[in-house]
Amino acid sequence: MKRDYYEILGVDKNADEGTIKKAYRKVAMQFHPDRNPGDKAAEDKFKEAAEAYEVLSDGNKKARYDRYGHAGMENMGGGGFSGGGMNMEDIFAHFGDVFGEGGSPFESFFGGSQGGSRSRTGQKGSNLRIKVALTLEEIEAGVTKKIKVKKQVTCKTCDGSGAKDRSSISTCGTCQGSGYVRQIKNTFLGQMQTTAVCPTCNGSGKKVTASCGTCRGDGRTTDEELIEIPIPAGVQDGMQLSMRGKGNAGQAGGPSGDLLISIEEKPHADLSREGNHVVYDLFLNFADTALGTQAEVPTLSGKVKIKIPAGTQSGKILRLKGKGFPSMQQYGKGDQLINVNVWTPKNLTAEETQLLEKMRTLSNFNPKPGDGEKGFFDRMKEYFN
């Protein structure tokens, strides 16, 4: 069985982003292939830590993992390691910023990767940001949206090399094809040898002598891609989801950027949202609240009939349990809260005025609030707490 991600990194479920990143760096440095050359067990633990960090550093995936465990990571889509297929190159491409330039915390001491497990990559592509507007019904159920995104993609003519043909690519003269250059830095400890990405070839180790006519040497072109975006149930307005590797293509074989999806809630004609609860204002006439009746109210899953007890006061909050939104942080769903409003008629006829004048003098129509009667805000606070 797979180990718990929080256990792997040694953090609790309430750890913030900075704590998770710091914990991952500590574990990754311990089992880094540069420190443990040829050690298969250490490499497996290094990959295990990267998988845990890939999930816990992503708000959307972390919420699903907290709710469903490892089962929630299946069929997530959008790349990443939680769907499988993780390799060492992916780890350094995605999380190199955790270690610093070059992807290894030990290069400054060893003059380059000693394990030989990491390949060169070019410049990472930029992230893309889009907005996705959702109805409350879509948010309650979860939905997959298909959206056309205009983005930079790998040039099909040159396969991203930027060269006219294979004969138009030569070895970089600055780094001699390694993709890295060595530097000597003076520190208070003395001279220290470090490695850096080659500034001439940007880490590719190649030099283009004749550019591709389609992309003009960039290795990328602009195109539209139809992307399926799985949106989990319970997202909120302003929340940002991410799909790793679905942004602009990288240069010279570099990894693609990410697609960042900002959630926007569409206004509903009848319902409003308060956290995971749905709120509906029900207007009834005085006779129905005094005598009791049945009323039909809309919910996110269709209309339902509810019973209005005799003597219901204006401001009474009725509850439909489980008719709200699912929680992304824990199990269970919110409720639908129905706020009862007694409708006061306007523009009365002479007959209606005469009836009300007679009712005004009757003792039962004089307000007699008891000690147990709560105000509207007290009732709302009681439900939301």
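Helices here are DSSP runs of at least four residues and strands are runs of at least two, numbered from the N terminus. The model is predicted.

Q: How many helices and strands are in the protein chain?
A: Counting such runs in this predicted model covers the protein chain from end to end. The count comes to ten helices and 15 strands.

Q: What share of the residues of the protein chain count as buried?
A: A residue is buried when its relative accessible area is under 20%. The protein chain has 385 residues, and the buried share of them is 39%.

Q: Which residues of helix 3 meet helix 2, and how do the residues of the contact divide?
A: From helix 2, the contact takes in Ile20, Lys21, Tyr24, Val27 and Ala28. Across from them in helix 3 are Phe46, Ala49, Ala50, Tyr53 and Leu56. The residues of this contact divide into nine nonpolar, no polar and one charged.

Q: How are the rings of Tyr5 and Tyr65 arranged?
A: The whole structure holds five aromatic pairs. In the pair of Tyr5 and Tyr65, the ring centres are 4.6 Å apart and the planes stand at 35 degrees. Planes under 30 degrees apart count as stacked and those over 60 as edge-to-face.

Q: Which helices hold Tyr5 and Tyr65, and how many residues apart are the parts they tie together?
A: Tyr5 lies in helix 1 (residues 5-9), and Tyr65 lies in helix 4 (residues 59-68). Both residues are buried. The pair ties together parts of the sequence that are apart by 60 residues.

Q: What angle do the ring planes of Tyr6 and Tyr65 make?
A: Tyr65 also pairs with Tyr6, with ring centres 6.1 Å apart. This pair links helix 1, where Tyr6 lies, to helix 4, 59 residues apart.

Q: Is Tyr6 buried or exposed?
A: The cut-off for buried is a relative accessible area under 20%. Tyr6 has 4%, so Tyr6 is buried.

Q: Which elements do the buried residues of helix 4 pack against?
A: Helix 4 is mostly covered, with seven of its ten residues buried. These are Asn60, Lys61, Lys62, Ala63, Tyr65, Asp66 and Arg67. They pack against helix 1, helix 2, helix 3 and strand 8 (240-243).

Q: What phi does Asp159 have?
A: Most residues other than glycine have a negative phi. Asp159 is in the loop between strand 2 (143-154) and strand 3 (169-171). Asp159 is exposed, because its relative accessibility is 66%. Although not a glycine, Asp159 has a positive phi of about 60 degrees.

Q: Where is the place of Arg216?
A: Arg216 is not a glycine, yet has a positive phi of about 55 degrees. With a relative accessible area of 74%, Arg216 is exposed. Its place is the loop between strand 6 (206-208) and strand 7 (220-231).

Key: Residues are numbered from 1 along each chain as its sequence is written. This is a predicted model: local features need pLDDT of at least 70, side-chain atom pairs count only at pLDDT 80 or more; totals for chains, interfaces and linings use all residues. Side-chain values use heavy atoms; hydrogens and water are left out. Buried means under 20% relative accessible area, exposed over 50%, partly exposed in between (1.4 Å probe, protein chains only). Contact means heavy atoms within 4.5 Å. Ala, Val, Leu, Ile, Met, Phe, Trp, Tyr, Cys and Pro count as nonpolar, Asp, Glu, Lys and Arg as charged, and the others, Gly among them, as polar. Rings of Phe, Tyr and Trp (its six-membered ring) pair if their centres lie within 6.5 Å; planes under 30 degrees apart count as stacked, over 60 as edge-to-face and the rest as tilted.
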